[in-house]
Amino acid sequence: MRWAGFVAMKVWQALVRIRLSVSTCMAALMVGWLAGTALAAPIQVTDDRGVVVTLAQPPQRIVSLLPSLTETVCDLGHCVRLVGVDRYSTYPASVTQLPQVGGGLDPNIEAIVALKPDLVLMATSSRSAQRLESLGVKIMALEPRSHADVQRVLLKLGQVLVVPNAQFIWRNIDLATTAAAQSLPKGLGATRVYFEVNSGPYGAGESSFIGETLTRLGVKNILPASLGPFPKVNPEFVVRANPDLIMVGQRSADGMAQRPGWSGMRAIREQRVCVFTTAESDVLVRPGPRMAEGARLMARCLASKARGATP
Amino acid sequence: MNLRQASVLGWVLLGLALLWVGLGVSVGSAGFENLLRPLLDPQAAPEQRAMAQQIFFDIRLPRTLGAWAAGALLGLAGALAQGLFRNPLADPFLLGSASGASLGVALMLAVMGGPGSVLASMMGSGAGFTVFGTGWLVRLGLTGAAFAGAVLAVLLTLMLSSGVQHTVRLLLAGVVVGVVLGALSHLVLLWSPESLQAMQVFMLGSTAFVGWTACWLMLGVWGLALVSGGLLARLLDGLSLGEATARSLGLPLAPMRLALIAVLALATGAAVAQTGLIAFVGLAAPHVVRSLVKTTHIRLLLLSSLMGGVLLMAADTLARWLIAPQELPVGVLTAVLGGGYLLWRMQRGRQLGG
């Protein structure tokens, strides 16, 4: 099945190269669909716990306990199959109408079972998996953390939901992310960015999801990958690194200028600070199909606030 | 003899503190490094000098002194609590101030940035919060919330125990308030999981953002608490002989206790508000002092305070140093250092005794 997906991708790439028309697009979908049916019955997928999940048929009643997985199911076009979500799943708007079954880490087991799901999607860090499995509920644990994970999870769920064009959907996300990077004015490559996740201060390092987006936008991160994804740094380190631009979520933006020694930092002096709303922060931090939107948000910030950019 | 020992220890602790300030300002995000060189070197590039000056005067110096002040407050509060309750397990957080402060911070975090929060829209202008925001709530901020929470929790404890006459009732009320407010703050966090990480920083304590204002504030409160603690030390000496003896000495127990609790709440609240819940300094400092010298409460208060300051300053410097440019939560180090030392003392004491 790997090679089938691979062939589909190769064909797709070839088609993109020769300026596709509607009919070639259909052809690509056909290839994808064939690849999909080839593994239709029964569906077997290895999840992130290393457990092989076997499903007799594509799931019809899904409960998702992780916002990024909720978004992925919806992006694959099967939002209607969701029958329940965790309380943090807020996108797309339609899922807020669904029954909420607690949080990812503290789900309401009873409420989940009552929904009679034929598949529950959750993070590997959730402790509820065993309990639910012993109650006869099918579990699939997926933990998207990076750009590569977004692709992996999307394709895996595409396989489970038998979405023939999952590969195509991923290509679109990937291309849109690249497009966001290409939309940036030239000469921003030297911009050094500090992305603060939390006023700890925890920053987003190069190896985090946010850091990967920054790297794809072609700007520099003051927190190298060696510090890990979300290091708690000495505030002095940020002052010394003197970033050109600061990106921060609304909730930790207050009082940044009042921190000892920070008012002298170039980015704060010149007001090169982007404050993302809570909804925007959700897009930025969730490793899901809205990855390209996150890249666009950051690109917009860079285009308007970075030194050398014409606002 | 004891007096001499005590004053020697006092001077040693002061000397250590001074020494450690020197070390504290030389340790930062780049590990050990001497910033005085670019500061005093006339040939250094002006940009480099400005940076060195900023890091030295605006960040490291207030932070190091602030760590000392917070430790001193906690050490003092610990000695007060242990004397007041005649219980070696008492610590500054005994009357519920820790959970009160946590609840204050949790509520503040939840209110400030919840999705579609009422406040964000109340603060006006689309973006809501900006880096340059000047709303009263931002000004009051987490520090104010923590302080108010700590003090209110102690008041609640006093109300529940209906006065200060019964030590056991006071202790129980403190435990109850601690548990209930702790549970409430977890509830608040459950509903705004985005603040979990910020909350964790608070719970483990951090001196990362102690500036001059915070530093002076803590030093001021420390001076006040030390003087009033010193004036009330007679009561602690009396209490150490038992409640009946204290009463027979003609000490006005109730008002003095109330005053002591006020000092305790003020000192703890000030430290917690600026640096979060730093574990164990308050508990360990008086024990360490007592294991070194036997003395009256007025000296014990002063020495515990100095000991707490040195302990926290040492822990803070290590926290910055060990995995620079990342930081360890300082509360983790104080627990490991203080706990380790106490265990070692106990072990040695047993060997000597046996």
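Guide: Let us begin with helix length. The expected span of a helix is 1.5 Å times one less than its number of residues. Please note that the model is predicted.

Visitor: What span should the 25 residues of helix 7 of chain B have?

Guide: Helix 7 of chain B covers residues 167-191, so at 1.5 Å a residue it should span 36 Å. Its end C-alpha atoms are 36 Å apart, in agreement with that expectation.

Visitor: Which residues of helix 7 of chain B are buried?

Guide: An α-helix has 3.6 residues a turn, so residues three or four places apart point the same way. In helix 7 of chain B, the buried residues are B:Leu170, B:Ala173, B:Gly174, B:Val177, B:Gly178, B:Leu181, B:Ser185, B:Val188 and B:Leu189.

Visitor: How are helix 6 and helix 7 of chain A placed, roughly parallel or roughly antiparallel?

Guide: Angles over 145 degrees count as roughly antiparallel. The axes of helix 6 (residues 147-160) and helix 7 (residues 166-182) of chain A cross at roughly 155 degrees and come within 9 Å; the two helices are therefore roughly antiparallel. Their crossing is right-handed. Helix 6 of chain A contributes A:Gln151, A:Leu154, A:Leu155 and A:Gly158 to the contact, and helix 7 of chain A contributes A:Ala166, A:Gln167, A:Ile169 and A:Trp170. Of these contact residues, 5 are nonpolar, 3 are polar and none is charged.

Visitor: How many residues does each chain bring to the contact between chain A and chain B?

Guide: Chain A brings 32 residues and chain B brings 34. On the side of chain A, helix 9 gives the most, with 5 residues. By class, that side has 15 nonpolar, 10 polar and 7 charged residues.

Terms used:
Residues are numbered from 1 along each chain as its sequence is written. Chains are lettered from A and ligands numbered from 1 in the order in which they are written. This is a predicted model: local features need pLDDT of at least 70, side-chain atom pairs count only at pLDDT 80 or more; totals for chains, interfaces and linings use all residues. Axes are lines fitted to C-alpha atoms, for helices over the stretch in contact, and angles run from 0 to 180 degrees between N-to-C directions. Helices (H or I, at least four residues) and strands (E, at least two) are DSSP runs, numbered from the N terminus. Angles under 35 degrees count as roughly parallel, over 145 as roughly antiparallel, 65 to 115 as roughly perpendicular and the rest as oblique. A crossing is left-handed if the near helix is turned anticlockwise from the far one by less than a right angle, and right-handed if clockwise. Two residues are in contact if their C-beta atoms, placed from the backbone, lie within 7 Å. Ala, Val, Leu, Ile, Met, Phe, Trp, Tyr, Cys and Pro count as nonpolar, Asp, Glu, Lys and Arg as charged, and the others, Gly among them, as polar. A residue is buried if 20 or more other C-beta atoms lie within 10 Å of its own, exposed if 12 or fewer, and partly exposed in between; C-beta atoms are placed from the backbone.
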